[in-house]
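The entries follow the order in which I looked things up.

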Amino acid sequence: MNQVKVIISNEQKAAKIPSGIRLLIRRCCHAVLEEEGFTEPAEVSVTFVDNERIHTLNREYRQVDRPTDVLSFPLGENGVYDKNLDTGALLLGDIVISVPKAMEQAELYNHSLQREIGFLTVHSMLHLLGYDHEQGGMEEVRMREKEETVLTKIGLKRDNSYYMEEE
C-alpha cells in the first residue's frame with residue numbers, strides 16, 4: 001500500500017468548498033497510485049482557484065487564452081521524480097482546479113460536484129504520472145479507461161456522459 005501526502009490549499013473565494021471534498025481528493029490520489037502500482041511514498045499539491053486565476057495560468061503555460069477546469073504540472077519525467085529530502089517522498093507535481101468551472105461542468109454534465117472534482121483529480125493524477133490524451137488515439141482511450149476504472153472503484157461511477165468535444 002502506498003502512502004501519499006496531499007497538500008490542499010484554497011486560493012479562491014468564488015465558491016464555498018463543500019465538506020468532504022478534501023477527503024475525496026485524497027481518496028482519488030491514493031486510488032490512482034494504487035491502480036498504477038505506484039509503491040513509493042509520494043506528495044501531490046492540489047490548489048483550488050477561481051476562473052480568473054486558471055485563465056491566467058492556462059494562457060501563461062499552455063498559450064490557451066481562456067479559463068479551463070484543471071491544470072496539471074508534473075514534476076517528473078519518464079517515471080523519474082525529485083525527492084523530498086526530509087521525507088523521502090517522490091514529488092509528483094501540482095494540480096490546479098477551478099472551483100467555479102467544476103461547478104459549471106457538474107451542472108452541464110448532470111452529475112454531482114463530487115463526481116466532477118473526483119474526475120478532475122483522477123485525470124490530473126494520471127497526467128502527473130505521464131499519461132497524455134492531447135494527441136487523441138489509443139493514448140486518449142487508455143487514459144479515459146483508467147479514469148473510469150479508478151472512479152468506479154471509489155464509488156463515483158459515471159451515470160451520464162461527461163465528455164464533450166470542444167468546438
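Entry 1, helices on the sheet. I began with helix α3 (residues 99–108) and found that it lies across β2 and β4 (90–98). Its direction runs at about 65° to β4. I then turned to α4, which packs on the sheet and touches β2, β3 and β4. The direction of α4 makes about 145° with that of β4. I note here that the model is a predicted one.

Entry 2, the sheet itself. I looked up the strand order and read β1-β2-β4-β3 for the four strands, which form an open sheet with mixed pairing. At the edges I found β1 (4–10) and β3 (70–74), each of which pairs on one side only. Neighbouring strands of this sheet are turned against each other by 15° on average, direction ignored.

In which sense do β1 and β2 pair, parallel or antiparallel? I found that β1 and strand β2 (residues 42–49) pair in the parallel sense, over seven bridges. For Ser9, I noted Thr47 as the bridge partner in β2.

I asked how many salt bridges the structure holds. The count is eight. One of them joins Glu35 and Lys153, whose closest N and O atoms are 2.5 Å apart. This pair links distant parts of the chain, with Glu35 in helix α1 (residues 21–35) and Lys153 in helix α5 (residues 137–153), 118 residues apart. I checked the accessibility of both partners: Glu35 is partly exposed, at a relative accessible area of 30%, whereas Lys153 is exposed, at 62%.

Arg115 forms a salt bridge with Glu148, and I noted 2.8 Å between the closest N and O atoms. Here too distant parts of the chain are linked, since Arg115 belongs to helix α4 (residues 113–128) and Glu148 to helix α5, 33 residues apart. Are these two residues buried or exposed? Arg115 has 4% relative accessibility and therefore counts as buried, the cut-off being under 20%. Glu148, at 14%, counts as buried as well.

The side chains of Arg59 and Asp65 meet in a salt bridge at 3.1 Å, N to O. Arg59 is partly exposed, with a relative accessible area of 40%, and Asp65 counts as exposed at 54%. Lastly, I recorded a network of salt bridges that links Glu140, Arg144 and Glu147.

Methods:
Residues numbered from 1 in each chain as written. Predicted model: local features only at pLDDT ≥ 70, side-chain atom pairs only at ≥ 80, totals over all residues. Heavy atoms only, no water. Salt bridge = Lys/Arg side-chain N within 4 Å of Asp/Glu carboxyl O. Buried < 20%, exposed > 50% of the residue type's maximum accessible area, 1.4 Å probe, protein only. Pairing = 2+ DSSP bridges. Axes fitted to C-alpha atoms, helices over the stretch in contact; angles between N-to-C directions. Contact = heavy atoms within 4.5 Å.
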